[in-house]
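Please read it with the structure open.

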Amino acid sequence: MMIPDGIEDEEKWLAEGIAGIQHNAFYMHRALDANNLREVLKYSAQMLSELRTSKLSPHKYYELYMRAFDELRKLEMFFKDESRHGVSIVDLYELVQHAGNILPRLYLLCTVGSVYIKSKEAPAKDVLKDLVEMCLGVQHPIRGLFLRCYLAQISRDKLPDIGSEYKGDSDTVVDAVDFVLQNFIEMNKLWVRLKHQGPGRSREKLEKERSELRDLVGKNLHVLSQIEGVDLEMYKDTVLPRILEQVFPDEYHLQTLETLLGACPLLQPTVDIKTVLSQLMDRLSNYAASSTDVLPEFLRVEAFAKLSSAIGRVIEAQVEMPIVGAITLYVSLLTFTLRVHPDRLDYVDQVLGACVKKLSGKPKLEDSKAKKQVVALLSAPLEKYKDIVMALTLSNYPRVMDHLDNETNKVMAMVIIQSILKNTSCISTADQVEVLFELIKGLVKDLDGTDVEELDEEDFKEEQNSVARLIHMLYNDDPEEMLKIICAAKKNIMNGGPKRLPFTVPPLILSALGLIRRLQGREGDLTGEEVPATPKNIFQILNQAIEALTTVPSPELALRLYLECAEAANDCDLEPVAYEFFTQAFVLYEEEITDSKSQVTAIHLIIGTLQRMNVFGVENRDTLTHKATGYSAKLLKKPDQCRAVYACSHLFWVDDLDGIKDGERVLLCLKRALRIANAAQQMINITRGSSGPVTLFVEILNKYLYFFEKGNPQVTSAAIQALIELITTETKSDSTAPDAVSDPFFASTLRYIQFQKQKGGAMSEKYDSIKV
């Protein structure tokens, strides 16, 4: 009879391993007799290195392990007798951790650890915890299993059990149970890993080896059963759940799902079926995520349908189940669905619909835990798909939100908005906008029973700023659809009330202006559209939106938006529209803006915008510039009057190819500004008894220089020279105190003139007659 080559080789390897153990054991015994600790550790480590082999089957490895085990018993006796080696057990525990290879090191550590526990110089629970964690260093299935088997053998009579001499200060057996369970769990992982060893090994051989090793894993359960302090309650709450988690693979749960779920409605109400089902669904979800190969099996056994049906029957059978329990089950089912069937939106909507059915006929949720679970339920699709558009297609999504109280509704609305902003999701149709605003209605309008005046100011601002940012996420490249989006958004935000409109109207206006600039030059009615997407039609919509701001009232903001629209109308070459927006801005200035600081800001905005306008004819421009200069001269404070008037000079000299260049009116503005500055200086002199700073004169001088360089023939070097001499005289006057702003400003201006005089060229010739 011929012996197969593999078996013959294995016998040879086993014989070599046994010979190595015997050889090193011989020298270890001589060292033991001589009480030479250094040599003992050296030869014991070399002996244990024979266990590093990966060539043997579990059956043959066991023979090798038992040879080493017998020698380790003799070694343990040596370690116990400190008089023989002269080293304390604490130092010895540290010393053996310096062995070269990890496998011999851990066998020696477990051996010394056994002696360490017996010495009672350290709590048994601490040493055992250290050993069970140290053994994580060996992850080879066979070597790791036998190492942990050795740990279980040397520790079984040293567990901190009730009545044991090693229990220490603890009155419970939790530490002993935790140690045995952790060792069991890690051995089970190694045993499972053996199933996935290299491709060169046949499946039959792997299964045979695993079968040979399972007794090693099971010995932990025998040890567990011998612990005196494990009572029924601990077994039920701690031991059994952790064992079941390891013993039965997920594929068994999946294949027996119908039987398992069929028993759930029959359980007593006192059984926490919610936790059981939730953990089952979590495990199945993780199983599905572990490999795409198992997903067809979920479809074959109709896992979703069975779980959904079972949850419905459990909720129906347990009439006393709190609402939070039912919602928690739906959260777990939805999580399972999103992980196992992410492409089945109908399943997702079905789960939400079941939740709606459960909540129907009940008042809005008041239980904080239930509300938290509903938020988790609604947040799950957002986190999975990272696209609000997917959620907008779920018909039951808004129906679930309807069962939330106003405060939680707002919380969920913020979650939705933050998801859109984080994932930069684009809402691209008017229908989607309508659904979205229905979902976030708690933020865009007052719900029944809420008083906007009672809201926290900071929270309210944060919410409305989020809504404002959301409006910029509403977009479509097609102008017609984009106009529908703007109209849908306008319809919803116009119901927001006076406190919300200042936040939500500006982004709507700016979004519409972006559309207008895309449509420049597009005119006429387009067939097939209720409201054709032309600039004129959009401007009409914007005018209505801004008018709402004037009733808030928020006149300063409305004025800014009117000016933005006027500039957009200018770009579209729509003079009547631009003139109308300016008219509205002036009306607001006259009738609504009464604060002097707000007037100053407003008039400078008007002047700056008007300067950039090139659409107006002579008559319309003269009317508007006359209004602007008139209001500038009527500001409350003289310095404000002066600055506004000299700013108006730019309205008569636009530095474009076809721009207005009216030198005389520029000079009139500058002279008028000088008179106002002089009057301001005299008023300061009368009220304070000394002249004020010459800042206004220096500012006007800089305007003179600007128009002088631009070639305005009315602004001469003689006028500039006179103004320089005026400022110089004022600064040297005894009644004028030095000023930290105006003095350096004037000196810098003079240096600029000197620079222009010296740099050469045509500009140097212009400045040549000016003396500084």
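1. A residue is called buried when under 20% of its relative accessible area remains, exposed when over 50%, and partly exposed in between, with a 1.4 Å probe and protein chains only. At 9% relative accessibility, Asp161 therefore counts as buried.

2. This is a predicted model, in which local features need pLDDT of at least 70 and side-chain atom pairs count only at pLDDT 80 or more, while totals for chains, interfaces and linings use all residues. Residues are numbered from 1 along each chain as its sequence is written, and side-chain values use heavy atoms, with hydrogens and water left out.

3. The protein has 38 helices and zero strands, where helices (H or I, at least four residues) and strands (E, at least two) are DSSP runs numbered from the N terminus. Of its 772 residues, 48% are buried.

4. Asp161 lies in the loop between α8 (141-155) and α9 (174-193). Leaving aside neighbours within four places in sequence, Asp161 is in contact (heavy atoms within 4.5 Å) with Lys167, Val173, Gln226, Ile227, Glu228 and Gly229.

5. Helix α18 (residues 345-359) packs against helix α19 (residues 368-385) at an angle of about 165°, the axes being 11 Å apart; axes are lines fitted to C-alpha atoms over the stretch in contact, and angles run from 0 to 180 degrees between N-to-C directions. That makes the two helices, α18 and α19, roughly antiparallel, a term for angles over 145 degrees.

6. In the contact between these helices, Leu345, Val348, Leu352 and Cys355 of α18 meet Leu377, Pro381 and Tyr385 of α19.

Key
Parallel < 35°, antiparallel > 145°, perpendicular 65-115°, else oblique.
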